[in-house]
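Open your viewer, get the side chains ready to display, and follow along one selection at a time.

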Amino acid sequence: MVYFSVYIMEVNKTARIIRSEILNPVMGFSAVFLGAVITLTYRLRYLLPGFSLQEKAAITASSTVKAILTDPLYAPHKIFQYLMGKLAHTGFIAMRSISVLMGLAVVYLFFYAARKWFSFRVSLLATILLATSGWFVFAARSATTSIMSLSLIGVVAFGSWIINNRFHRTLLIAGFGLTLWLLYVPGLIWFVIFGTIVQRDKIREAANHNKALSVVLLLGLLILLAPLIYTFIKNPYLLQSYFGFTTRPFTNLINFPKNLINIPLHLFIMNSSNPLRYAGRMPILDIFTSVMVVLGIYNFYVNERQLDRVRFLLGTISLACILIALGGSVGIEILIPFVYLVAASGIAYLMNQWFIVFPSNPIARFLAWTMITFIVFTAAFYNLKSYFVAWARAPITKTFYSIQPTKPAPRNIIK
């Protein structure tokens with residue numbers, strides 16, 4: 001009888017572990033990911049009356065092989081749009097779905113990186129905030145290449161993944177794919193260089209274990225980057241945009257301090273007017289996220305500033321701010337995933353402080369998670385309403401989005 005009781009206790013313990021460590025996380029993330037899918041696909045065709053000039057220009061730039069080779073920047077996005085066009089799908093859903101898929105990849109990579117740093121609940125709440133933020137939703141539902149700038153979160157996810165990864169072959173192949181992807185996005189070459197320097201020991205170790213594969217991947221990288229290199233040789237003026245610079249370097253250097261100050265101003269206080277992206281001059285971050293970012297900065301400085309991951313995040317954000325302030329091809333949207341990682345740190349700090357006051361009170365713990373979850377969903381609802389109602393229904397927005405898609409006849413994939 002005693003052995004049977006012990007057996008039942010062990011079974012119950014195992015069931016609780018499976019439920020808390022596997023079932024609940026899988027169900028929780030699946031629900032959030034499904035919510036992201038619904039958010040990014042809801043009325044993708046009918047929310048706006050047409051394409052904007054920027055969307056139409058992006059579609060035109062990916063309409064032929066010649067157009068892509070003439071300017072191969074953002075090539076991954078352009079190639080997918082080109083294939084859609086060759087399959088005779090040039091409507092709103094087809095052209096915007098490329099960004100939707102990339103946006104969902106950003107959501108997953110963000111959650112993965114956050115989960116390596118914070119608890120599951122904190123990571124999930126931060127992912128909800130990111131996936132419902134106005135700027136992210138706009139980029140992920142647009143036919144432009146804006147979403148590719150957010151691919152930079154892949155650097156953080158990759159860095160978090162290789163810390164405990166001993167599969168050198170997989171590491172090299174994944175690093176090859178990520179590097180190739182990022183090198184086709186203007187301004188991101190600096191982050192590739194920065195990440196390579198930070199992770200040089202891991203990369204060297206993996207390369208030494210797979211020398212033949214390293215040579216093959218390096219040659220493959222050069223071959224796949226050949227269109228980009230050829231374009232730079234033929235049109236050197238594209239190098240300025242590629243490296244995140246502008247055609248007026250001296251003017252932008254003079255404006256550098258002002259542009260640097262504008263970054264927190266646009267994030268927290270007041271943004272510049274841009275009816276193409278958002279309504280009014282509301283800041284990029286809502287009030288709750290702004291408070292969490294401030295708490296996150298405090299938490300990083302007081303409790304975690306010696307950690308390598310915090311130094312890496314700080315270096316990445318600093319580099320991004322420099323490129324944004326230069327006024328070139330790198331926009332402030334590149335900061336979005338990193339800002340929400342800092343917000344996740346703020347949520348974690350807030351909850352830890354609450355649990356220090358109530359270390360073993362289950363009612364207090366339940367109340368804390370209930371309150372923070374409610375606030376997060378309130379912020380998410382506010383951001384979604386700002387995008388789907390305030391911005392989408394504004395008369396000026398409908399004026400900018402009025403170009404109808406073309407309907408080409410079916411043609412061969414290769415032309």
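Which residues have the most contacts inside the largest nonpolar core? Select F136, I334 and L335, and you have them. Keep in mind as you look that this is a predicted model. The core around them counts 115 residues, and helix α19 (residues 336–357) supplies the largest share, twelve residues.

Stay on I334 for a moment and show its surroundings. Leaving aside residues up to four places away in sequence, I334 touches S149, L152, L188, F191, A320 and I324.

Now pick F51, A94, M95 and A143. They belong to a second, separate core, which has six residues.

Next stop: helix α4, residues 75–86. Following α4 is A88, where phi is positive, near 65°.

Finally, go to T231 in helix α13 (residues 226–234). Is T231 buried or exposed? It is buried, because its relative accessibility is 2%, below the 20% cut-off. Among residues beyond four places away in sequence, T231 touches L69, T70, P72 and L238. Zoom in on L69: its backbone oxygen sits 3.0 Å from a polar side-chain atom of T231.

Definitions and conventions: Residues are numbered from 1 along each chain as its sequence is written. This is a predicted model: local features need pLDDT of at least 70, side-chain atom pairs count only at pLDDT 80 or more; totals for chains, interfaces and linings use all residues. Side-chain values use heavy atoms; hydrogens and water are left out. Helices (H or I, at least four residues) and strands (E, at least two) are DSSP runs, numbered from the N terminus. Buried means under 20% relative accessible area, exposed over 50%, partly exposed in between (1.4 Å probe, protein chains only). A polar contact is a pair of N or O atoms within 3.5 Å; within protein, one must be able to donate a hydrogen and the other to accept it, and residues adjacent in sequence count only if both atoms are side-chain atoms. Contact means heavy atoms within 4.5 Å. The expected span of a helix is 1.5 Å times one less than its number of residues. A nonpolar core is a set of buried Ala, Val, Leu, Ile, Met, Phe, Trp, Tyr and Cys residues joined through side-chain atoms within 4.5 Å.
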